[in-house]
Amino acid sequence: MQLDISRRDFLKLCGGTAAMLGLSQAWVPQIARALEQAAERPPVIWLAFQGCSGCLESLAKAAYPDIATIVLDVISLNYVDVLMAPSGKRAEKSLEDTVAAGGYITIVEGAVATGIPEAMTIAGKTSEEIVKEVTAGGAATVCVGTCSSYGGVQAMRPNPTGAKGVGEVIGEDKVINVPGCPANPDTMVSTIVSYLLFGKAPELDSRGRPTFAFSQKIHDHCERRAHFDSGHYVEEYGSEEETKGYCLYKMGCKGPETHSPCPLTLWNSKQNWCIGCGNGCIGCMEPDFWDEFAGFYDTLPDTPIPGFVGVKTSADYVGSTLVTATVAGIGIHAIASAAKGRFKEADDAGEGSDD
Amino acid sequence: MADRVLVKQRNWVYILLHWIIVSVLAILAFTGLYIHRPFFTMGTEADPVMVMSWIRWTHFICAAILIESVLIRLELAFFSHFDADWRDIGPSRKMLKALPEALSFYLFARNDHRYWRKLNPVKSVILVPLELLFYLIAILTGFAMFEGTFFWRTTDTVVLFGWVYDLFGGQQSTRNWHYYLFWIFLMIGVIHVYLNILRTARQRDMTFRSMLSGWRLVPRKYAPIKGASQRKKRE
C-alpha cells in the first residue's frame with residue numbers, strides 16, 4: 001500500500017492507535033502490518049441519516065492521521081453521500097456495487113426514522129430499509145455519534161419521527177457504538193483499526209461501546225479532579241473561582257456520569273476540550289443524555305414523575321414534600337392519640353402492646 | 001397495670017447491630033448530602049484538605065458496613081441458634097393474620113391489641129419489607145454509580161451494573177433514586193421513633209432502655225419459662 005505519509009508518521013499513527021487500544025508498544029509492528037496488509041483497503045460505506053453531519057466533520061478534523069490519509073490510504077470510502085463526487089444514480093450504483101461485493105464496513109451516522117419513515121429517505125428508500133439492506137451483508141457495523149448509537153437529539157421526547165439508534169433497528173449485538181456529539185475522531189479510527197487488526201469487534205460494554213475507550217469516566221481523568229477532591233467548586237460563572245479553574249461539579253458538570261476518553265484524547269487536533277475551556281460536560285456520550293441530563297447546568301437535573309406526563313421536578317422538592325407530609329401526618333396522629341389519652345400510662349393495657 | 005416481669009428480651013448482638021445501622025445511616029445521610037451538594041470546604045489552595053475525597057471514602061466505607069450489618073441481621077433472623085426472630089420481625093403468617101387488628105389500633109378503631117415479642121404486625125408486615133426493599137435499591141443504585149476498586153479488582157460498572165441503569169431508567173434517574181432514598185430513610189426514621197414514643201408513653205415498659213440493656217417489662221404470661229427453648233416458649 002502506498003501511503004501519502006512518511007514511514008515515521010505512519011508508525012506514529014500505529015503507536016497512537018496502540019495506546020488508544022490499550023495495547024503495548026510491542027503491538028505497533030502488528031498494527032502496521034494490519035494496516036499495510038489491508039492491501040485492498042477495506043471498503044467502507046458511510047450512511048448519513050437523521051443527524052447534523054457533525055461526526056463526518058469531526059472525522060475530517062482528525063489530526064493523526066488526517067482525513068486525507070484515512071479516506072485515501074487506510075480505508076476505501078466507497079459511499080459517503082456528503083463527501084463523494086458523484087451524485088444521483090451513479091452514487092447509488094457505487095453503494096450497490098459495494099454491497100454486492102460484500103466484506104465492507106458500514107459506518108452509520110445519524111438516527112433511523114421509524115415513526116415517520118418519510119422523514120429520512122435517500123434515493124426513494126427510507127432510512128430503515130437502507131440500514132437493514134446494507135448492514136445485512138456487511139462485515140461490521142460501526143455507529144458513529146450518539147444519533148446512530150442511541151437516537152440522539154431527534155429522539156428527544158416526544159420523538160416525533162420515531163428516531164432510533166441503529167442497534168435498536170438491526171439488533172444491539174450487531175453494532176459497535178462510538179457515541180459522542182460528535183464522535184471523537186481518534187476513537188472512530190481506533191475502533192476501525194482494532195477491527196482490522198483482530199478481525200472482530202473490540203470488547204464492548206453493555207451500551208455497545210468499545211471498552212478501550214469508554215470504560216472510564218471523564219471524571220477519572222479530568223484536569224480539574226484535584227479541585228473536586230479538595231472541595232473547591234465554581235459557584236457561579238464570572239466568579240473568582242471560575243478564573244482559578246475550580247471544579248465545575250456544582251455548575252452541573254456531567255463528567256462524573258459520562259464514560260468517555262475526552263480528557264485524554266482531547267478535541268480539535270488535540271487542542272482543548274469542553275471542560276478545558278470552562279464549560280461543564282453535558283454528557284454527550286451517554287444514551288438519552290438529551291433527556292436525562294438536561295438542564296445541563298443543574299447538579300441533579302429535574303426528573304419526570306412517574307404517572308405525570310410532562311411534569312418534571314427536582315428530587316429536593318419531592319423529598320422535602322414527602323418528609324413534610326410524613327411529619328404532618330405524625331403530628332395529626334399524635335394529636336388524635338393524645339386526645340384518646342394514648343400518651344398516658346395505660347392502667348389496664350393488659351396484654352396490649354404496640355412495639 | 002397487669003403483672004409484669006423484667007425479661008432479657010434483646011441479645012447484645014442485635015442491640016449492637018441496631019446501633020451500628022443507625023449510626024452508619026446517619027453518616028451515610030450526611031456524607032451523601034455533601035456529595036449531592038458540597039456545602040463546605042476546608043483548607044486553602046496551597047494547603048488543601050481533600051474534603052470530598054474523605055467524605056466519599058467515608059460514604060463508601062459506611063455503605064460497606066451497612067451492607068454487612070444488614071446481611072448479618074438477616075442471617076441471624078433466620079439461622080441464629082439463640083434468637084432466630086424472623087417470625088417476630090418479618091411478614092410471617094401469624095403477623096399477616098393479625099395485621100387488621102394492629103392497623104385498626106393505629107386508626108383508632110380499637111384501643112388495644114395483642115402483646116408482640118418484638119415488632120407489631122404493622123411494622124413487620126409493612127415497614128420491614130419496605131425497608132429491605134429500600135436497602136436493596138440503595139445498594140444496587142450505589143454500586144451502579146460506584147466506579148473503583150473492590151475486592152482488589154477494578155470494576156467496570158457499566159459491564160456489571162448496566163442493567164441497573166436500565167431498570168431505573170438511565171444513569172441520571174439511578175442517581176435520583178439513590179438521592180430519594182435519603183428522604184425515604186429520613187421518613188422511616190421519623191415514623192420509627194414516633195411509633196416507639198407512642199408505645200413507651202403508654203406501656204412504660206422500658207422499650208427505649210431495652211435498646212441498650214436488652215431488658216424489658218413483659219406481661220408475666222408471656223415471660224419465657226426458664227430452661228425452655230425460645231422457639232418452644234413462643235408457641
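# Notebook: a predicted model with chains A and B

**Chain A as a whole.** I began with burial, and in chain A buried residues make up 44% of the 355 residues. I note at once that this is a predicted model, and that every value below was computed from it. Counting the elements, I found 16 helices and eleven strands in chain A. The radius of gyration of chain A is 27 Å, well over the 20 Å that the globule rule gives for 355 residues, so the chain is more spread out than a compact globule. I then looked up the extent of the C-alpha trace, which spans about 100 × 50 × 45 Å along the principal axes of chain A.

The domain assignment divides chain A into domain 1 (7-214), domain 2 (218-301) and domain 3 (311-341). How far apart are the centres of domain 1 and domain 3 of chain A? Taken over C-alpha atoms, these two centres are separated by 54 Å. I also checked the contacts in chain A between residues at least 6 apart in sequence, and 69% of these join residues at least 24 apart.

**The sheet in chain A.** Next I followed an open sheet of five strands in chain A, which has the order S2-S1-S3-S7-S9 and parallel pairing. Which strands stand at the edges of the sheet? They are strand S2 (76-80) and S9 of chain A, each with a single partner strand, so one side of each is left without a neighbour in the sheet. From one strand to the next, the twist averages 25°. As a reminder to myself, strands of a sheet pair through backbone hydrogen bonds, either parallel or antiparallel.

Working through the pairs, I saw that strand S3 (residues 105-109) of chain A pairs with S7(A) in the parallel sense over five bridges, and that Glu109(A) stands opposite Val144(A) in S7(A). Strand S7 (residues 140-144) of chain A also pairs with S9(A), again in the parallel sense, over four bridges. Val144(A) has Val178(A) as its bridge partner in S9(A).

**Backbone details in chain A.** I looked up the cis peptide bonds next. One joins Arg157(A) and Pro158(A), with omega about 5°, and Pro158(A) lies in the loop between helix H7 (145-150) and strand S8 (163-164) of chain A. The peptide bond from Cys181(A) to Pro182(A) is also cis, with omega near 0°, and Pro182(A) lies in the loop between S9 and helix H9 (185-198) of chain A.

Asn159(A) is found in the loop between H7 and S8 of chain A, and this residue has a positive phi of about 50° although it is not a glycine. Asn159(A) counts as partly exposed, with 16 C-beta neighbours inside 10 Å. Leu266(A), in the loop between helix H14 (262-265) and helix H15 (289-292) of chain A, has a positive phi near 60°, and it too is a residue other than glycine. I counted 16 other C-beta atoms within 10 Å of Leu266(A), which is partly exposed.

Of the 235 residues of chain B, 25% count as buried.

My last entry concerns Tyr165(B), found in helix H6 of chain B. Is Tyr165(B) buried or exposed? It is buried, with 25 other C-beta atoms within 10 Å. Not counting residues up to four places away in sequence, Tyr165(B) touches Ala144(B), Gly170(B), Gln171(B) and Thr174(B). Tyr165(B) and Ser124(B) are 41 residues apart in sequence, and from C-alpha to C-alpha they are 30 Å apart in space.

Terms used:
Residues are numbered from 1 along each chain as its sequence is written. Chains are lettered from A and ligands numbered from 1 in the order in which they are written. This is a predicted model: local features need pLDDT of at least 70, side-chain atom pairs count only at pLDDT 80 or more; totals for chains, interfaces and linings use all residues. Domain bounds come from an automatic or database domain assignment. Helices (H or I, at least four residues) and strands (E, at least two) are DSSP runs, numbered from the N terminus. The radius of gyration is taken over C-alpha atoms; the globule rule is 2.2 Å times the number of residues to the power 0.38. A residue is buried if 20 or more other C-beta atoms lie within 10 Å of its own, exposed if 12 or fewer, and partly exposed in between; C-beta atoms are placed from the backbone. Two residues are in contact if their C-beta atoms, placed from the backbone, lie within 7 Å. Two strands pair if DSSP finds at least two bridges between them. Axes are lines fitted to C-alpha atoms, for helices over the stretch in contact, and angles run from 0 to 180 degrees between N-to-C directions.
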